[in-house]
Amino acid sequence: MRNPAKRIFIASLFLMLLVIGGFSASAQTGELIYDEAGLLTEAEAQELEALAKDYGEEQNVEFLFLTTNSTEGQSIERYMGDFFDERADSTGQEAAVLLTIDIGSREVYLAGFGTAERTLDAERIDLVLDRIMPEMQRDDYGGAFRDTVVTSSHYMEYRPGVNPESIFLKTWFHVTIALLLAGGIVGAMLYNVGGKVTTTPGTYIDRDHTRVRSQDDRFRNKTVTRSKVPQNKGGGGGGFGGGGMTGGGRSFSGGGRKF
Amino acid sequence: MVIHYKCPNCGADMAFDADSGHLSCPSCGHEQNIETFPEENIERKFDEGEAKEYHCENCGAIILTEAETTATHCSFCGAAVVLADRLTGDLAPAKVIPFTITKDEAVAAFRKWTRGGRLTPRGFMSGDRIKKMTGMYVPFWLYDIEGEAHIKAIGTRIHTYQRGDTIYTETDFYDVFREIDLSYLKVPADASEKMDDELMDKLEPYDYSEMKDFRMPYLAGYLAEKYDYDNDQLFSRVESKIVPYIDSYISTTISGYASVSYTNKQIDARKKKVYYTLFPVWMVYYDFENKEHTFAMNGQTGKVVGKPPISAGKVALWFTGIAASSFAVMKAISFAVGGVFW
């Protein structure tokens, strides 16, 4: 068995059979939402579970939500990595988008595993975080997860590496340009319908006698303005991450913020 | 004084032929070079009380003219006549550009132009309702202009560089001085009151290499007019025509700056020489949907100007066509790049 994925899959099947509910003992709900900090109501959790399932099937990934009161002294990156290693070992699901909230240190971390590492790369994760930060700051964690699921699914439909929020991909931009172009061309046609002026500034010029007799370009003074090199990402209370490797050897794309 | 050009062969009235550039006889086909036309075949007749009335030499009928007309046809027998006293003294043209496009070629060129009308109604595009084509020599003043321009301006150059985590934007200011000699040759302005200035401006440019010293036989067979405005009256118009040319020349002499703002721009232009010149124009009178449309065609190059009727339907079609296709192209590109349609 050369294929490590297959090996892990079979291993995890065994594990599943042996320790069904091993981790789910600590998970209050279903299999996608692990609300250990108790940030969601029962109804909310069920609704989000259904939503995550729907979108996940469409994108062929799992949308996971992990909350905790404390990362037990580890970094949030490490904590969520350990969580995912354990979960993936037991379920065999390698492709996932994982939103982790540590309410103790008020940090949020979003990571893409497996295929999602490519389809939801660091740049896109940053965009999603931009989107959910207002909700985080309002303590609307359910809303933040809902937005994460919807927005990430949308982004993952774009070809990897493309900025999904690029203005060049927006329909309103296409419509505006198309209308401006048509207006410009038809306007020019209408303007020129009675015959174009085809004389140019050079038509009647006498090149032998039109010339610069004397010229002078003298330096006078200069002004200098200074500005700081713009720092990337100031908003939302500082960002960190960018992806890495879990303790179990799974690589992921990621990004986190304080809120 | 009325002038007829009689054919040395058969005595019929000769007229200018745009194809050959000679006088040609409509009845026997004889052609005669304008420079060598025999003096004895030029029939001149002085009328008494001439300022008012001219009589045709052939049929004796009164030639009906307007005060500006210098060449026309006898309205009874159709003979080409040139009214010489309106072309002499102060009124003598210095130069003429003869017609190179014949009436048939003019009709064909006009039809071709109507067929190319992308915004005109379908019925107009056939171009088959020409009511009248008139070949006319329109009086123009051509100005040789010389002058100077004194320019003061402030130019800026901007460069940015980085030291550590600070970006420096340095703007250098320069005092720019230019002294420019200006010379423009044979800038035309139409001197006829009747002709629409904008229309005549659009007929330009003419090819001056075919310009000839004026001789009356060029006018035989065409309409011609004398000027209504003298060259002093028209100079301001020609000035307003060349100022944009001068401005654009000045801007080409100041280069290498990110921005240029003029603090002093003194342009002094004088006329050095003027030429009273006749330019060939085909006037096309065209009936469309009970309205007469007037077009003018450069009698040398065939360029057509004038406002044709516009079809709102075609305008809308072009607009939606261009908008829809460019939208589709952009969508296709964004799909190719992003992999998503909406």
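The model is predicted, so to speak of local features takes pLDDT of at least 70 and side-chain atom pairs count only at pLDDT 80 or more, while totals for chains, interfaces and linings use all residues. Residues are numbered from 1 along each chain as its sequence is written, chains are lettered from A in the order in which they are written, and side-chain values use heavy atoms, with hydrogens and water left out.

On the chain A side, 56 residues are in contact with 65 residues of chain B (heavy atoms within 4.5 Å). The interface holds seven salt bridges, each a side-chain nitrogen of Lys or Arg within 4 Å of a carboxyl oxygen of Asp or Glu. One pairs B:Asp181 with A:Arg213, with the closest N and O atoms 2.8 Å apart. In chain A, α7 (171-191) and β5 (211-228) each supply at least two residues of the side that touches chain B. The largest share, 18 residues, comes from β5(A). That side divides into 25 nonpolar, 18 polar and 13 charged residues, with Ala, Val, Leu, Ile, Met, Phe, Trp, Tyr, Cys and Pro counted as nonpolar, Asp, Glu, Lys and Arg as charged, and the others, Gly among them, as polar.

Now for α2(A). Its buried residues include A:Leu48, A:Leu51 and A:Gly56 (under 20% relative accessible area, 1.4 Å probe, protein chains only). The buried residues of α2(A) pack against β1 (33-35), β2 (62-68) and α6 (141-156) of chain A. Helices (H or I, at least four residues) and strands (E, at least two) are DSSP runs, numbered from the N terminus. After α2(A) comes A:Asn60, with a positive phi near 65°.

Conventions
Buried < 20%, exposed > 50% of the residue type's maximum accessible area, 1.4 Å probe, protein only.
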